Each structure stands twice: as C-alpha cells, then as structure tokens.
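Biologist: I'm new to reading structures. Could you walk me through one, feature by feature?

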Amino acid sequence: MSDAPLRKNTPALDAFWMPFTANRQFKAAPRMLVAAHGMHYTADDGRQVLDGTAGLWCVNAGHGRRGIAQAVERQLNSLDFAPTFQMGHPIAFEFAEALAEIAPGGPAAGLDRVFFTGSGSESVDTALKIALAYQRAIGQGTRTRLIGRERGYHGVGFGGISVGGIVSNRRAFPQIPGTDHLRHTHDPARNAFTKGQPEHGADLADDLDRLVALHGAETIAACIVEPVAGSTGVLIPPKGYLERLRAACDRHGILLIFDEVISGFGRLGAPFATDFFGVVPDLVTTAKGLTNGTIPMGAVFAKRSVHDALMQGPDGIELFHGYTYSGHPVACAAGLATLEVYREEGLLTRAADLADDWAAAIHDLRGRARVTDIRTIGLIAGIELESRPDAPGKRAYEVFVDCFERGLLIRVTGDIIALSPPLILERAQIGEIVGILGDAIDRVA
Ligand code: PMP
C-alpha cells in the first residue's frame, strides 16, 4: 500500500485548465486520485478504486513499480539532463538498443531504428515527417499527401488532427493541406458482439484504391492507422483488413504507419500489434507503455531501409527534426526499468493468457439493458450503449460516474465504455470489473 498522505482538502481548482475535460462540470464535482499502487488508485476520501483503464492506456505494469522509481532516482542523481542535439549520453543509446531488440515484427521486420519523442502526439508528427522526408529522399517529392482514417485518433498535433478522424478535435483548427481519410471499419450491423477480429470488412482496405484513383498515387506519401482504434471506442480490424491495406500500400508506393501508442507493449497479448496481427508496417509510433506512463516519452520505430535512405548524401544533419527531450536520460532510465519489469513478469504476452477469460466475462454483459455491442481483443474491451437521442454520451458518462463511486475507473468516449486494465490484472479482478460495471449499467439504464 502506498504511504502517500491522503489529501482531504481539495485544493483551489481554478488555475488548472484541464485537457479534454468539461472543466466547469468537473470543477463543480471533482473526482480526485491521490495515490496508486498495483491495480488500484486511492481516491481523496481514502476509497480504493480498481484501475480499469491502466491510467490512460499506459500503466501496463501496474502502479508504483519500485524498480522504475529507483531507476529514475538513480538517473536524476547522476545525469539529470543532457542534450541529444550533436551530443550523446549513453543511456539514450542503451535504451534504443534495448527497444531495437524487441522491435515490432521481430528481427526480420527490420523496424529497428528508434527516434525518441516526448509523447504519442509527437511520435505521430515525427512519423509523418519521416515519411515525407523519406519520399523526398528517394526522388518521390510529389508525394506530400497523408492518409488517415475516419474515427482515427493520432493525438493533437496539427499533423495528428489532420490525419485523425474525430470531427470535434478538428473543427476549430486548420489542418495541414492534402490529407484524406479511409472509411472506418466499424460495422455493427454485420459484426456486432464479436470476440477478437470481426469476420466482415477486409474489403474496406480497398478504400485506399479509391483515394489513389481520386488523388493519384504519386501524390500520396503515407497512410496511418491504429491497428486497433482505441480512443474512438475500440474498433478492431476485420480479418484480412490489415493484410490488404499493406498490399495496397505496396502496390502504390505508399508508406504504412501503425500508430501503436495504445496497442504497443503488450496490450493485445504480443509485444506489439504488428506481432499480434503479423502485418509489418514501415513506421510504428509508440508512447504510453514505453515508460509505464511514469515519465512522458514516445518512440518511433522506423524500418532500417527508411532510415538508411535518409542517411545518404553529403555529410550534414539528415533530418531537421527533434525535441529538447528526445532521449531524455530520466525517461530512458524509466523505460529501461519498465522493459525489465515487462520481461521479468512476462507482461508483454500476459494478455494472451487472460484474453479468453476476459472476453467471456465481458461478453456476459450482453443482454443488459441498453447494451448494443461488445468488442474484445487482448486486454481491451469496448461496450457500446444505446445513446439517448436528447443527450448523446450522457448515459455512458453516468455509468462512468457510478462506477467511480462504486470503486472502478473506466473510460468513456461518447456512449462507448472502454476498458484496458493493467496487464498485471488477476483473474478474480475480471469478475470484479464486470460486476461493478454491470451494476452501474443496470442502475443507469
Ligand atoms: N495515438 C494514439 C493511438 C493514441 O491513443 C494517443 C493517446 N491516447 C495518441 C496518439 C496521443 O498520445 P499523447 O496523448 O501522449 O500525445
């Protein structure tokens, strides 16, 4: 149990402009977490709250890992910060090598060149820029167009919102020119209540051919998708879809980017979705589980061939891109210690052992009032509720509040409940999650 003091008195709430939050609503009835250990948060009234979301899809090894804390403290006491622009420090190279050893797709995939960032959004914009720079370097400079997908979430940078497919994240802002979007793969009429990959919809990957016919392949640099879309409600790729998308990209000289910010580091039961689905992209974006959510960090895995194409030409800076915190020594220390925990406890494949029990228990919620669809894969679940016509999103939000009061943290997006517990989840806790959630759904319905 954490010995952090419980903060009984809520601090002043005005100054912190909270991200992706209904600030006025929250501040009228705040929910505060003050400590965390293992599978649980402690709320400010002392209640234990089971973490059904691994924080924000990131605390894959559970909370309060001592090894990570100690590594961070050691690093802060030896080298707190050093630049990586025209300078090096050993731990950044050490962490990149360690990541290359477990790179998506294994050694044959060649995704073993690593560019460090500070977050998922930065990883996405970095991958998009690498793709554009690569096309230019190989004499394909007319390829400047970027393709995303409806209902995709790729963070909040201008690149990420442009290829992303969430209208509320886009409408107040200009987008980078020349993006377009594949149709999303969500088809509840044909694929409702599936465990694992849905049967129908591989042909939706051919939508890339439509965009090629519309714009010309010679204008398209890259196509980015989340292998499993998380933030827009757990959309799982139909059987054969990713294979067909890979083939279409190959046909047209388009780089394929997998955004594995959520699916990376064990969420599906393999180290990466690339391994799980056996489809190899050209670039992979990661963050979140990279450091178990402890120190902000992201990483882009690039195919060696992509990297090497940018290492040609006269001596000089190969890619005019990077961040003050690329390869931050403290984040690298957290990352190395995180990999150690994943390795020692077999967490990168643990979701595979739990997936059947997880799916069976979650699908038991089928038949509850207002539940219109359930989707599960690895240790993820999406549970869709019928929206109230007068107040879309309200029903799931009420379930979220009710769950929190009953001691379970879930995440909701619109009227979809998303679950993604830490990978240290015990079987008994699956029942606990489903029990609390089922009661909350019944009450709200
Ligand atoms: N891509 C995906 C697939 C994500 O799920 C997220 C965050 N949920 C991001 C990018 C953005 O990451 P961050 O919030 O760290 O910028």
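Predicted model: local features only at pLDDT ≥ 70, side-chain atom pairs only at ≥ 80, totals over all residues.

Biologist: How do I read a sheet, and which strands form the open one here?

Modeller: In general, strands of a sheet pair through backbone hydrogen bonds, and the pairing can be parallel or antiparallel. Here 4 strands line up as β1-β2-β3-β14, with mixed pairing.

Biologist: How does β3 pair with β14, parallel or antiparallel?

Modeller: β3 (residues 48–51) runs parallel to β14, and 2 bridges join them. For instance, Asp-51 has Leu-409 of β14 as its bridge partner.

Biologist: Now the domains. Which stretches of the chain belong to each?

Modeller: The domain assignment puts 23–60 + 346–444 in domain 1 and 70–345 in domain 2. Their C-alpha centres are 26 Å apart.

Biologist: And how many residues are in contact between them?

Modeller: Domain 1 brings 33 residues, which contact 28 residues of domain 2. On the domain 1 side, α15 gives the most, with 9 residues. That side divides into 17 nonpolar, 11 polar and 5 charged residues.

Biologist: Last one: what surrounds the ligand?

Modeller: There are 14 residues around the ligand, and the closest are Ser-119, Gly-120, Ser-121, Gly-155 and Val-261. Helix α6 (residues 120–137) gives the most to this shell, with 3 residues. By class, you'll find 7 polar, 5 nonpolar and 2 charged residues there.

Methods: Residues numbered from 1 in each chain as written. Near = placed C-beta within 6 Å. Nonpolar A, V, L, I, M, F, W, Y, C, P; charged D, E, K, R; others polar. Domains from an automatic or database assignment. Contact = placed C-beta atoms within 7 Å. Pairing = 2+ DSSP bridges.
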